[in-house]
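The exercises below are meant to be worked with the model open beside the text. Try each task before reading its solution.

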Amino acid sequence: MAGMRGRQTVRGMFQSLGVIMVAAGVMYLFIPHDEDADPVKAKDYRVELLTAQRAAPYPVLAPQGLDEGWKATVVSYKRENADAWQLGFLSPDTQYVAIHQSTAKPGAFVPKVSQGAKDTGKTETVAGQAWQRWEGPKYDALVRTEGGATTVVTGTASFERLAEMAASLRSQKV
C-alpha cells in the first residue's frame with residue numbers, strides 16, 4: 001500500500017508541473033512583449049523643475065541644448081533635505097550622469113552624492129567656470145559651490161561627458 005501511495009504522489013507532482021508549464025506557455029504567447037523596445041523610459045521633469053525653481057533658495061540648474069541622445073531618468077526635489085535637487089540622465093553612450101544641488105555642507109554632501117569620490121585638488125574650466133575635479137571608485141564628479149548651494153555633476157560617465165552636462169546647465173529662477 002505504501003509503495004502505491006508514493007507513485008501517486010510522484011505522478012500527481014508531474015501532472016501539476018505539466019499544468020503549470022502549459023499555463024506559463026499560454027501567458028507567454030498572449031502577453032505582449034517587445035524585445036526591440038528601449039528599456040529606459042525618458043522622464044519629463046519640467047513640473048518638478050518649476051517646483052524646485054520656485055521653492056529653492058538658490059538658482060536651480062537644468063540642462064539646455066543637449067542632443068536627443070540624453071534621457072532624463074531620475075528627478076526629485078526635497079525641501080526638507082537641505083533643499084536637495086537631483087536630476088539624473090542616461091547619456092548617449094549609456095552612462096549615468098546626474099546633477100545634484102543642495103544647501104547642505106559640501107564636505108558631507110559631495111561624497112554622499114558622488115558615491116565616495118574624493119577631491120583631487122585639480123580644477124577644470126567648463127564654459128568659463130572653474131569646477132573642482134573629484135574622482136572615485138564608482139563615480140567621478142565636477143563640483144562648484146556658488147550662491148549658497150553646491151552643484152555636483154557626477155556619474156559613471158567620462159569627465160568629457162560630465163563637462164558636457166556642466167556646460168549645458170542654466171538657471172531660470174522663477
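**Exercise 1.** How many residues lie between β5 and β6 in their hairpin, and which residue in the turn has a positive phi?

Solution. The model is a predicted one, in which local features need pLDDT of at least 70 and side-chain atom pairs count only at pLDDT 80 or more, while totals for chains, interfaces and linings use all residues. Residues are numbered from 1 along each chain as its sequence is written, and side-chain values use heavy atoms, with hydrogens and water left out.

Step 1: helices (H or I, at least four residues) and strands (E, at least two) are DSSP runs numbered from the N terminus, and two strands pair if DSSP finds at least two bridges between them. Step 2: β5 (residues 118-126) and β6 (residues 129-135) run antiparallel and are joined by six bridges, with V126 having Q129 of β6 as its bridge partner. Step 3: two residues separate the strands of this hairpin, and A127 in the turn has a positive phi of about 50°.

**Exercise 2.** Determine which residues of α2 are buried, and what they pack against.

Solution. Step 1: taking buried as under 20% relative accessible area, exposed as over 50% and partly exposed as in between (1.4 Å probe, protein chains only), the buried residues of α2 are L49, A52 and Q53. Step 2: viewed down the axis of α2, these residues fall within an arc of 100° (taken from the directions from the helix axis to the C-beta atoms), so they line one face of the helix. Step 3: the face turned away from that buried side carries the exposed residues V47 and R54. Step 4: the buried residues pack against β1, β2 and β3.

**Exercise 3.** Describe the largest nonpolar core and the surroundings of F89.

Solution. Step 1: a nonpolar core is a set of buried Ala, Val, Leu, Ile, Met, Phe, Trp, Tyr and Cys residues joined through side-chain atoms within 4.5 Å. Step 2: the largest has 29 residues, and those with the most contacts inside it include Y45, W85 and F89. Step 3: α4 gives the most to this core, with five residues. Step 4: with neighbours within four places in sequence left aside, F89 is in contact (heavy atoms within 4.5 Å) with residues including Y45, W70, I99 and M165.
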